[in-house]
Amino acid sequence: DHLGQPEHDVIVGDMEWTLLEVIVGAVTITATCVFSGLCKRRRRRSCASAYTRRDFIAYEDLVDQNIRADHLTFNAHLHHRFKGQRFLPVCGENSCFIAFDYSTCRDIMNDHVSFSSNPFPDNRLVALNTMAKADHSRVLRFVHSHYTSQQLEELENRIKGIIEECTDDLEGDNTDVMVWAKRIHMTSTLLRLGLERDPRRNWADVDEKIALNDAMVALVAPLGGIGMKYEELPWGQSLRVAFGVVCSVPAMLELLWQVGFRCIWDIIRPDVTLLWLPQAPRMGLWWRPELLPLVPRYFLWLHQLLSGRSPDGPLPGIQQGLEKGQLKMAEVLTLLVQLMVNMTSANALGSLVFRLANERDAAACLSAEPERFAAAFVQEVLRLDTPLQRNPRRGVQVG
């Protein structure tokens, strides 16, 4: 996952290559597992083919799970039916457009004057890669040096050990592919922060952190993208949300004691997430209110990481930034959230195993000569099954 943001021209490119090397190792180790029948999923064919008969993109197309499951067919349709068009308006979604060709997407992501990665017009604090350019650069410098290729190469053997341990569990039929992928990501992330996994707890501690992380992703997704509309909520959902808020009060009070009211307000913004909902972007918490009590627990854990005084990794520098007033607590917690988010990493690893299970010729070549074919296989999977299918941008200037 990127620490930098393309629109600010601050991409941590070395991290991409290091992640690629980690994935290559995972693919190489996992190849034999696939032939043991550990991953037997099959891609569903989309039954929602109505979009092929239309000359426009509809809101319903973008939230249809069957279409999302067959994204290659949908993407091919876009390139064939709308060839040469840079922006496609989305029917049923006000002021929303799709850009799908490479050059247009590249121009948008590099134009931080006309487009913002922050989905909210008030530029509230969301993540490191949605901060204003000056804030992004200021916060990034506290962690950037710890995620260079050279720094991560020093952890290579230990990360390989993590992959082997996770894969042993997968081969022994003790877990599934996505749990395997998330364990690799989370354990490696904590290792980079200077935190070793306690082997006496097996995977219980890591799985708990993964569950918290997944809950945060579910509550905010598809932040800035296209999600179900609030008017489509089931009857009585407001009561379920209220119940979720009530259940979160005890942990929220503890978090208030630890970080203060201002920090909580800057991160959670209950005024616009619960009370006065903007038309866009829409957040997943209204569909998953049972996860709300996990929000303060998650931030309490992140705050505990800061007080752990780990001697290695970026945490000591972050702590010094807090003490000197160079960083705000809300910025630090948001930064740690982004370091923990496993969506793209786990999706990439899951896609690699899925392709191994379905592309038998490619899997046979990879199993026979992993050093020769692994890198090319990874690159092709990332091209076909991009871990981040949609990358939203908000227009801030016309011209």
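Modeller: Let us begin with valine 249, which is found in helix α12; helices are DSSP runs (H or I, at least four residues) and strands are E runs of at least two, numbered from the N terminus. This is a predicted model, where local features need pLDDT of at least 70, side-chain atom pairs count only at pLDDT 80 or more, and totals for chains, interfaces and linings use all residues. Residues are numbered from 1 along each chain as its sequence is written, and side-chain values use heavy atoms, leaving out hydrogens and water.

Colleague: Why are α12 and α13 called oblique to each other?

Modeller: Helix α12 (residues 249-259) and helix α13 (residues 261-268) pack at an angle of about 120 degrees. Angles under 35 degrees count as roughly parallel, over 145 as roughly antiparallel, 65 to 115 as roughly perpendicular and the rest as oblique. The pair is therefore oblique.

Colleague: And what makes α15 and α17 roughly perpendicular?

Modeller: Their angle is about 100 degrees, with the axes 10 Å apart, so α15 and α17 are roughly perpendicular to each other. Axes here are lines fitted to C-alpha atoms, for helices over the stretch in contact, and angles run from 0 to 180 degrees between N-to-C directions.

Colleague: Which residues of α12 and α13 meet?

Modeller: Met252, Leu255, Leu256 and Val259 in α12 meet Phe261, Cys263, Ile264 and Ile268 in α13, where contact means heavy atoms within 4.5 Å.

Colleague: What makes glutamate 93 and arginine 282 a salt bridge?

Modeller: The term needs a side-chain nitrogen of Lys or Arg within 4 Å of a carboxyl oxygen of Asp or Glu. Here the N to O distance is 3.1 Å, so the pair qualifies as a salt bridge. The two residues are 189 residues apart, linking distant parts of the chain. A search of the whole structure finds 22 salt bridges.
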